[in-house]
Amino acid sequence: MWQAARTVVPGLTGNPLIGNYYGIKYAADGNQGDPWGINWAKADCGYGITQVTDDMCKADTTLTSVQKEAAALDYTANIAYGADILASKWNQTRKAGMTVNDGKPKYIENWFFALWAYNSGFYPQSEAGNNGGKWGVGWTNNPANPLWKENRTPFLENSTGGDDYSHAAHPQDWPYQEKVIGWAARPISALFKPGSMQAGYRAAWWNSNQDRTAAKPPIALFCTEANDCDNDKINEGTSNQTGQGPCTLPGDPNESDPLYLKCWWHDNVKWKDCGSAAQCGNPVHRFNNADYPEQPNENSSYPPRCSSDTPRLPAGSLVVDDIKQGTTPTGQPGHTCGASTSAGEFEFTFANSNGTYPGKIDLHQIGAGYGDHFWFTHTRQAANTDGTRLKTTGTWTLGRNLNEWVRIMVHVPDHGAHTQQARYDIDTGSGQVSRHRTIGQKHKANTWVSLGVYQINGKPRVQLTSQTMEGTGDEDIAWDAVAFQPVGAKPKQVVAILGDSYTSGEGAGSYSPESNKDIDTSQWNACRRSKNSWARKTTLPGFSSSVGQLADSYSGTLDFQDVSCSGANTWQGQVRQGLPTGQDGNVHWGWDGNFREISQIDSGVLSSDTTLAALTIGGNDARFPFVLQMCATSGCPAEADVQRDIDDTMPRVEEVLRQIHGQAPNAKIVLLGYPRLFNADATLCVSGVGGAGMNRINSMAQYMEAKQRQLVQTLKAQQLPVTFESPDGDFEGKRACDDPEGINKIVKALKAKGTSAAPSVAPGASATRAFTPTGVGTTAYSEAFRRAVSNLWAAMTTDQIGRTAPWAKALGAVLLCFLAVVLVAYGIGSAREASRKDAAFEATRNSAQRFADAIVAQGSAHPVNRQDVNSALSSVTGLHTGLLFGIDSANDSTRVSIQFSNSYQRSLAVFGPADATVGRCFTITFQNSGQERQAQITPHSANASCTDVAAGQHRS
């Protein structure tokens with residue numbers, strides 16, 4: 001029964017179903033001009049399945065508060081009260097002498113007047129003196145009213161007498177009583193429980209389809225001289241304006257006229273013989289008997305996750321629920337967790353729009369998720385009006401101070417949580433948001449998702465808003481519980497994994513739900529992060545368990561975050577910072593390689609806490625999928641063309657590595673290469689490509705490895721903490737066509753990827769798992785990754801420990817005495833380092849000014865695209881640290897969002913790289929004034945993300 005809102009499935013609790021609670025204004029045709037414009041003076045308190053309005057306002061005293069609650073919350077009470085009201089309308093109209101057909105209540109059509117009055121009221125003859133002498137049922141629901149199309153078929157019926165449920169999408173085109181009879185004839189399809197759609201009730205019946213069609217009365221039946229109605233004017237194109245429609249009394253815009261549209265009806269009518277001809281409809285009553293029992297209680301729908309359920313959170317975890325401590329959500333036996341236990345507070349804040357808070361209209365609660373309660377709304381962009389007006393922010397605040405490292409986890413409910421861009425902003429105790437982590441929420445199960453481990457000094461807070469970069473009002477975003485897991489000291493390794501399908505584990509199966517969802521829809525995500533990825537399989541030096549095992553057990557010794565995505569390129573908005581911008585300069589979501597996820601570097605997995613970052617990248621930029629497809633079909637591209645694509649890719653791979661270092665200055669970066677796909681003796685393998693093609697593909701992999709190795713050597717010489725590791729040797733005997741096979745051969749795609757991708761991606765997007773590592777292959781990659789980290793560990797040990805070991809005992813006492821001096825020196829050095837950092841931050845203004853001067857000096861035309869801006873950056877020596885995030889060009893001006901970075905020297909390099917980088921975002925507006933170009937530079941604060949700045953300034 002639809003006693004709860006339409007967002008609630010059977011077996012769950014939620015907000016009650018209420019009509020126009022917020023007083024939204026409807027036009028005469030039933031459309032809403034502004035669906036978020038609150039007008040409390042026009043509020044309609046229509047509750048439940050029968051939309052009970054009578055006596056339900058707070059000021060009404062006919063019903064007690066308990067009776068009002070029963071009508072609003074209990075469907076049996078609601079139906080009983082609705083039936084009483086409908087019966088009273090029957091009695092009112094019948095007492096006034098108004099009957100339909102033979103007037104017997106057992107026939108459906110004979111309730112036409114009662115239904116008319118139920119929806120739009122009955123004006124008794126006793127009050128005719130106050131209504132210009134008019135009485136009866138109102139003009140609004142008169143079938144002759146121009147509001148309803150003159151040539152309409154019966155509701156839910158097509159012109160041949162068959163079903164047409166498309167009418168339900170625009171019910172405002174039929175008067176109320178025709179809709180009710182239409183639904184009686186054709187049951188709505190209703191969700192009985194997840195996965196089970198059935199007819200919501202049994203249909204009324206007629207002796208023939210013709211009789212059922214004739215349940216809709218002739219359109220002119222209620223339009224005669226008796227109610228000042230001219231049936232000659234019932235046709236398309238008429239209106240309720242004075243003199244423009246069948247009602248001959250004053251109409252629009254003369255609402256103050258005493259006779260305004262008072263073409264009211266109060267005479268008997270007959271259009272059917274319900275007796276001897278048996279032309280009328282017969283209802284099917286439901287009395288919970290054996291023949292037609294009450295719908296069963298589906299308390300198995302989306303069962304909640306209670307604190308006692310397994311797997312449990314680690315001991316000592318502190319959970320802040322989305323309801324107050326001690327609150328028991330409305331539930332039922334078998335579907336409840338009892339009273340809430342919360343270690344803090346949760347609160348909402350809403351955007352103020354002219355003294356109202358329209359975000360509340362689209363905020364819903366559901367009896368499911370953690371503790372049997374969560375909230376959800378729909379995502380919208382901050383840059384559009386609805387996104388601003390409906391902005392809803394939920395904040396979880398722990399009820400105590402912490403001074404240690406803490407893992408923060410969010411609970412994602414099993415439904416009502418769909419967005420790929422849930423950005424959780426984190427206050428680590430300072431009172432200001434300083435970190436963030438963006439995740440996908442659609443895990444399809446009640447799931448705890450780690451946002452990472454953070455150093456907390458104070459009372460931590462976590463915030464989540466309804467605004468996303470790509471929200472359109474369609475995707476759900478949910479607020480459930482947040483857990484804080486104290487882990488004491490900083491984890492030995494804080495690991496961030498980025499990259500493409502070779503990292504995500506596309507070919508190894510067992511994908512996380514949020515990264516493999518909604519096929520054939522605009523919300524598809526095929527990043528396909530596998531539980532069998534090489535990163536999860538690796539046991540890092542100093543550990544006895546794999547990364548995946550440690551992450552799944554919430555180990556305090558390691559933090560692991562994976563944002564890799566199958567199909568990823570180095571493009572801005574995929575791996576690199578910024579929004580996914582196409583060649584047309586516009587932002588596009590849904591591309592193969594990030595789908596609707598935020599860029600990997602902007603996702604929040606990288607920070608100064610990160611100790612290790614690893615990835616594979618560049619293969620898609622170098623068009624490896626395209627080369628493989630061509631080799632398998634029309635012939636391999638020329639080797640020179642392939643090598644040129646690889647050469648062109650290297651600067652973009654460099655930019656990715658530099659951006660990773662900029663976001664995670666203390667992390668060691670491991671770039672893993674791509675193996676040769678075939679062994680030399682595998683030329684006869686049925687792989688989809690011939691022997692010559694295999695050789696060409698292997699040559700491509702070797703050339704790519706040489707270029708990546710060369711790039712890393714160059715960056716290492718520039719003190720970038722990056723290393724390259726080749727997995728090629730680990731794949732010996734495990735390539736495509738080997739046994740065991742570590743590389744998939746041609747594999748039938750789960751579904752063609754790239755349906756929303758840029759045209760340049762589509763040619764290579766058809767084979768999803770083809771030529772990606774299998775489970776055997778990800779194990780081989782794991783060996784390469786472990787070797788790389790072991791070499792890094794050994795190098796650090798030799799450099800920092802090995803040379804001092806022979807003198808350790810002799811110098812022990814001296815070192816102890818010297819410790820105090822070192823600590824003092826470190827304190828002084830830290831202060832100086834902070835000063836150098838501040839100076840470097842302020843010096844970015846100089847870079848911004850030099851860039852602006854270069855643009856101004858180019859001529860009279862302002863830059864209009866990214867190429868113009870990048871050319872200016874290239875022309876100014878020393879501006880290679882400039883990073884373009886957004887450009888918005890109009891007829892007479894251009895606004896550029898750009899980040900400039902400066903390096904500064906750290907005080908004690910033993911704790912990280914000798915040099916660190918600080919960046920600052922600027923908005924620079926170029927305006928033409930006559931023949932002169934002007935530039936206005938707006939610097940943003942240190943906490944301002946250039947991604948957010950760019951998203952907020954775009955005029956589109």
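When I call a residue buried I mean that its relative accessible area is under 20%, while exposed means over 50% and partly exposed lies in between, with a 1.4 Å probe and protein chains only. The model on the screen is predicted, so local features need pLDDT of at least 70 and side-chain atom pairs count only at pLDDT 80 or more, whereas totals for chains, interfaces and linings use all residues. Residues are numbered from 1 along each chain as its sequence is written, and side-chain values use heavy atoms, with hydrogens and water left out.

Let me begin with the aromatic rings. Rings of Phe, Tyr and Trp (for Trp, the six-membered ring) pair if their centres lie within 6.5 Å, and planes under 30 degrees apart count as stacked, over 60 as edge-to-face and the rest as tilted. By this rule there are 35 aromatic pairs. In one of them, the ring centres of F348 and W375 are 5.2 Å apart with the planes at 85 degrees, so this pair is edge-to-face. Because F348 belongs to strand β6 (residues 344-350) and W375 to strand β8 (residues 374-380), the pair ties together parts that are 27 residues apart in sequence; helices (H or I, at least four residues) and strands (E, at least two) are DSSP runs, numbered from the N terminus. F348 is buried at a relative accessible area of 19%, and W375 is buried as well, at 18%. Ring pairs also join F348 and W375 into a cluster with F346, F350, W396, Y424 and W479.

Now to the charged side chains, where a salt bridge is a side-chain nitrogen of Lys or Arg within 4 Å of a carboxyl oxygen of Asp or Glu. Searching the whole structure gives 35 salt bridges. Between D163 and R186, the closest N and O atoms are 2.6 Å apart. D163 lies in the loop between β2 (136-137) and α4 (176-185), and R186 in the loop between α4 and β3 (189-193), so their bridge ties together parts 23 residues apart in sequence. Which of these two is buried, and which partly exposed? D163 is partly exposed at 48% relative accessibility, whereas R186 is buried at 2%.

A further bridge joins R528 to E506, with the closest N and O atoms 3.4 Å apart. R528 is buried at 1% relative accessibility, and E506 is buried at 0%. Finally, R676, D728, E732 and R735 are linked in a network of salt bridges.
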